[in-house]
Amino acid sequence: MEKTALRGEDAADRLAVVDEVASKYAGTKGALIPILQNVQSRIGYLPTEVMERIGEKAGVPAAQVFGVASFYSQFRLEPVGRYVVKVCHGTACHVQGAGAITEAVCSELGVEDGETTADGKFTVESVACIGCCSLAPVIMIEENSFGRLTPDEARRIVREYGD
Amino acid sequence: MADRGTQMTVTVGLSSCGIAAGAADVMAAFEREIEKRGLDVRLRRTGCIGMCYSEPIVDVDAPGAGRHTYGGITADQVERIVDEHIAGGAPVDEWLVRAEGRDLPDEAYYSRQVRLVLRNAGMIDPESIDEYIEAGGYAALEKAVTSMKPEEVVKEITDSGLRGRGGAGFPTGVKWDLARKQPGGKKYVIVNADEGDPGAFMDRSILEGDPHSVLEGLAIAAYAIGADEGYFYVRAEYPLAVKRLGIAITDARERGYIGENVFGSGFSLDVYIKEGAGAFVCGEETALMASIEGRRGMPRIRPPYPAAEGLWKKPSNINNVETYANVAWIISNGAEAYASHGTETSKGTKVFALAGKIERGGLVEVPMGMTLREVIDEVGGGVPGGHDFKAVQLGGPSGGCIPREFIDIAVDYESVTKTGAIMGSGGMVVMDDTTCMVDIARFFLNFTQDESCGKCTFCRVGTKRMLEVLERICGGEGREGDIELLEELGEQIIASSLCGLGQSAPNPVVTTLKYFRDEYEAHVKEKRCPAHACKALITYGIDAEKCTGCTLCTKVCPTGAIAGEKRELHTIDQDLCTKCDACRRACKFDAVTVD
Ligand SMILES: Cc1cc2nc3c(=O)[nH]c(=O)nc-3n(C[C@H](O)[C@H](O)[C@H](O)COP(=O)(O)O)c2cc1C
Ligand code: FES
């Protein structure tokens with residue numbers, strides 16, 4: 001999901017992705033959000049020219065595309081790292097020490113919460129509940145969840161992804 | 001289900017929580033070991049059985065010997081289970097958590113449960129429609145569309161007393177009847193699988209463990225109200241649920257349980273999945289429908305209710321995942337059987353997600369009316385580590401904290417509401433003496449403030465002001481009058497917000513103020529956090545009597561704040577200390593103090 005398959009490639013490729021995705025949804029009502037999700041999963045984030053093209057293809061004003069993209073937390077307007085480390089800060093994880101997990105992951109990677117490492121490999125993010133609350137505290141990288149963590153284990157998992 | 005002739009069956013629980021605990025590796029190890037020995041064993045997957053605390057879970061069923069359940073299994077342990085139990089016929093007793101006829105610790109987790117919604121969870125392979133059908137699946141749909149009139153279906157649901165499990169507890173039959181009575185033409189049915197309450201995972205487990213049960217319930221609802229198009233709105237964070245639901249819909253369409261002319265009855269239904277995009281407010285029904293339409297998920301004023309004007313302005317019925325998961329059971333077994341569980345006004349069962357400071361965290365389904373104490377202590381095994389139970393949070397950001405004094409209340413809609421909390425969707429987060437109630441209130445306000453859609457001023461600005469006050473109090477800067485200010489803001493936000501998000505956002509503050517006012521006062525007046533949780537109000541120190549000078553803490557400290565030579569008393573430089581707690585966790589002699 002978080003793979004930035006087209007990172008670094010040129011804008012024309014990105015627009016070609018939009019055209020391809022939009023043609024799949026042609027004629028489907030209420031398709032704006034699925035188009036945004038699909039495009040983002042292919043190119044990692046939603047740069048301005050991509051949102052403009054989506055607007056053209058879906059027949060809605062660019063302002064509305066931007067409005068929707070900025071409303072939902074799933075959509076990213078900035079590029080993200082190859083791996084997004086989602087640290088759960090839901091109720092159960094909060095009670096079980098999610099703060100210390102974020103601190104450990106951030107200090108391991110040398111970034112603040114919400115930032116991306118200089119090599120573009122990792123982005124650290126706080127999320128609200130991954131749904132594995134009884135294994136709190138939990139982190140999720142790509143589609144893999146890791147539960148019952150200690151700060152040290154969280155560091156180790158992140159380190160393994162780095163290799 | 002397991003006894004297929006003489007073949008042994010090994011079942012591995014592959015739900016999100018099982019996988020997070022390492023179940024995929026365990027599955028692979030079984031494949032390898034069974035293959036290596038050329039054993040005739042059926043290896044299969046299942047969903048969440050509810051014992052999340054014991055994941056990964058493996059069941060071994062041998063014809064005649066019943067079901068043996070192993071808990072906390074790692075890939076390394078698989079070889080021995082295969083050798084001794086599967087090949088040798090002798091269960092590995094010390095790893096068993098449950099077995100028929102034996103009094104093992106996990107028996108208590110089950111014996112008090114009544115599993116109607118979770119009837120198949122952890123029993124069948126959620127990716128196999130055949131296993132669902134074998135367990136009685138789609139018989140209720142057939143019964144409804146071939147032998148009952150829509151109004152008879154509605155009456156059955158009304159008579160069962162089923163109330164919405166998404167939080168508000170509105171009678172489901174009444175809701176269906178409103179939608180049914182709308183003039184004909186296009187109508188929709190919608191499943192609310194947004195499960196936004198952080199700390200709750202009932203809907204995820206149901207969708208991962210038994211997706212067909214929800215789909216069947218949805219199809220019955222569609223028939224009852226006269227809809228021919230349905231949507232599942234599923235939270236973005238639930239990829240496995242989306243995948244299994246997708247398989248279920250494809251298989252059901254192929255077999256003709258949805259699609260054109262179901263069971264030759266003339267009833268037709270198309271079903272689609274919409275993935276959410278990360279907005280808590282989209283769990284609110286009118287916002288959810290705006291989101292399906294591709295717009296920003298902002299709630300609108302009701303009425304009109306969705307039954308009259310819903311998705312694309314057409315009459316629509318929206319229910320929660322668990323609500324739908326009850327439907328097929330009620331149609332098959334009858335309203336009376338359902339209503340025989342529960343209390344006068346809260347019928348049937350409720351699924352709860354137990355988490356936080358609890359011994360056996362997981363998913364449980366109990367009859368309505370069981371006391372909180374029974375759920376937490378008897379089913380959940382109580383608070384671990386010798387700590388004291390302090391409160392239980394019900395209803396998430398819209399709910400409240402119920403203190404120890406009320407632990408003997410019955411869990412039903414009315415009794416819970418009387419405490420100031422709400423039943424909510426079923427998240428139960430248990431808290432002990434190390435949990436600071438002011439910090440919990442701050443946590444929830446941070447959440448609602450962040451998730452407020454910004455449409456109405458009281459919610460948008462009011463929650464921000466409340467959060468500022470709470471942050472100040474937790475940060476040791478609380479002022480005289482802050483507590484009263486919180487109360488005043490809370491009242492106004494509750495009275496004036498547009499939707500349920502704002503109207504309930506102050507609840508976590510209101511209930512903690514009501515039951516734990518002394519904790520607020522300690523923070524504000526004495527600059528003290530009684531639970532030792534608020535970092536600005538605590539200091540780390542080293543107990544000279546207990547410190548042996550082992551230097552372990554000096555090594556784990558990430559900021560180099562601890563000094564001391566071997567066999568000498570260590571000391572903490574308060575300017576460098578970030579209160580990360582690493583030293584206290586590392587110390588083997590309990591010598592790190594927190595005041
Ligand atoms: C802010 C807010 C969030 C909500 N989130 C959910 C949710 O995640 N899941 C859910 O089923 N209902 C949620 N609801 C309740 C729905 O609006 C609606 O009442 C429910 O889907 C009706 O289904 P039921 O009658 O089966 O409970 C939420 C309500 C509000 C105000
Ligand atoms: S609270 Fe962290 S997974 Fe639910």
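Modeller: In this predicted model, two residues are said to touch when heavy atoms of theirs lie within 4.5 Å. On that basis A:Thr117 touches A:Leu109, A:Val111 and A:Phe122, residues up to four places away in sequence being left out of the list.

Colleague: Where along chain A is A:Thr117 found, and why does it count as buried?

Modeller: A:Thr117 belongs to the loop between α6 (98-109) and β2 (122-127) of chain A. Its relative accessibility is 10%, and because buried means under 20%, A:Thr117 counts as buried.

Colleague: What makes the approach of the A:Thr117 side chain to the backbone nitrogen of A:Lys121 close enough for a polar contact?

Modeller: A polar atom of the A:Thr117 side chain lies 3.2 Å from the backbone nitrogen of A:Lys121; the cut-off for the pair is 3.5 Å, so the distance falls within it.

Colleague: Turning to the two chains, why is the pair B:Lys535 and A:Glu103 called a salt bridge?

Modeller: The closest N and O atoms of B:Lys535 and A:Glu103 are 2.7 Å apart, and since the rule asks for a Lys or Arg side-chain nitrogen within 4 Å of a carboxyl oxygen of Asp or Glu, the pair therefore qualifies. Across the interface of chain B and chain A the rule finds one salt bridge, together with 22 residue pairs in polar contact, both residues of each pair being at pLDDT 80 or more.

Colleague: Which element of chain B supplies the largest share of the side that touches chain A, and how do you know what kinds of residue make up that side?

Modeller: The largest share comes from α17(B), with six residues. Sorted by residue type, the side of chain B that touches chain A holds 32 nonpolar, twelve polar and 15 charged residues. In all, 59 residues of chain B are in contact with 38 residues of chain A, and the two chains bury about 3,500 Å² between them, 58% of it on carbon and sulfur atoms.

Key: Residues numbered from 1 in each chain as written. Chains lettered and ligands numbered in written order. Predicted model: local features only at pLDDT ≥ 70, side-chain atom pairs only at ≥ 80, totals over all residues. Heavy atoms only, no water. Buried area = accessible area lost by both parts, 1.4 Å probe. Polar contact = N/O pair within 3.5 Å; in protein donor to acceptor, adjacent residues only side chain to side chain. Helix = DSSP H or I, 4+ residues; strand = E, 2+ residues; numbered from the N terminus. Nonpolar A, V, L, I, M, F, W, Y, C, P; charged D, E, K, R; others polar. Buried < 20%, exposed > 50% of the residue type's maximum accessible area, 1.4 Å probe, protein only.
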